[in-house]
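Subject: Structure for your review

Dear colleague,

Please find below the sequence and structure that I am handing over to you. I would be grateful if you could read the notes that follow with the structure open beside them.

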Amino acid sequence: MALAPVSVSPKFQGMKIGKALIEKALNKAKEMGFESVVVLGHENYYPKFGFEVASKFGIKAPFEVPDEVFMAIELKEGKLKNVSGIVEYSSAFID
C-alpha cells in the first residue's frame, strides 16, 4: 500500500491533525490486511511513525528521488524481509 504525503494547512499545523490522519491510515491499512506501506515524504516527519528508508528493505521508487524521502513501514513484523524491487503505483498516483 502507498500512503500519499500528508499536508495540513499552516493555520492548523501543530494541532496533531497530520499525526491523527497518518495513525488512522496505518490502522485502517492493518485492518484491511495490508502488511506494509510505502510513502514519499519528509525524511524528518515520517520516521516518527516507524517509517524507515525503503532501500533498507531493497525497495526502490519507480522514479528518481533522494533515498531518504522514500520510506517503508512493516505493519506486520518481518513482512519486508527478503523483499526487493521497484514499487508499482496505481494510476491514481501517476495520472
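Predicted model: local features only at pLDDT ≥ 70, side-chain atom pairs only at ≥ 80, totals over all residues.

Helix H1

Helix H1 covers residues 17-31. It has 15 residues, and the distance from its first C-alpha to its last is 21 Å, close to the 21 Å expected at 1.5 Å a residue. Its buried residues are Gly18, Ile22, Leu26 and Ala29. When H1 is viewed down its axis, these buried residues fall within an arc of 65°, so they line one face of the helix. The cover over them includes strand S1, strand S2 (36-40) and strand S5 (70-74). On the face of H1 turned away from the buried side are the exposed residues Lys24 and Glu31. After H1 comes Gly33, which has a positive phi, near 95°.

Salt bridges

Side chains of opposite charge can pair when their charged atoms come close. With a limit of 4 Å between a side-chain nitrogen of Lys or Arg and a carboxyl oxygen of Asp or Glu, the count comes to four salt bridges.

Lys19 pairs with Glu23, and their closest N and O atoms are 3.2 Å apart. The two residues are four apart in helix H1, which means that about one helical turn separates them. Lys19 counts as partly exposed, at 38% relative accessibility, and Glu23 is likewise partly exposed, with a relative accessible area of 34%.

A further salt bridge joins the side chains of Glu35 and Lys79 (3.8 Å, N to O). Glu35 lies in the loop between H1 and S2, and Lys79 in the loop between S5 and strand S6 (85-86), so this pair ties together parts that are 44 residues apart in sequence. Glu35 is partly exposed at 33% relative accessibility, as is Lys79, with a relative accessible area of 38%.

The side chains of Lys56 and Glu52 also form a salt bridge (2.3 Å, N to O). Here Lys56 counts as exposed, at 55% relative accessibility, whereas Glu52 is partly exposed, with a relative accessible area of 32%.

Phe12 counts as partly exposed because its relative accessibility is 38%.

Yours sincerely

How values were computed. Residues numbered from 1 in each chain as written. Heavy atoms only, no water. Buried < 20%, exposed > 50% of the residue type's maximum accessible area, 1.4 Å probe, protein only. Expected span 1.5 Å × (residues − 1). Arc of directions from axis to C-beta. Contact = heavy atoms within 4.5 Å.
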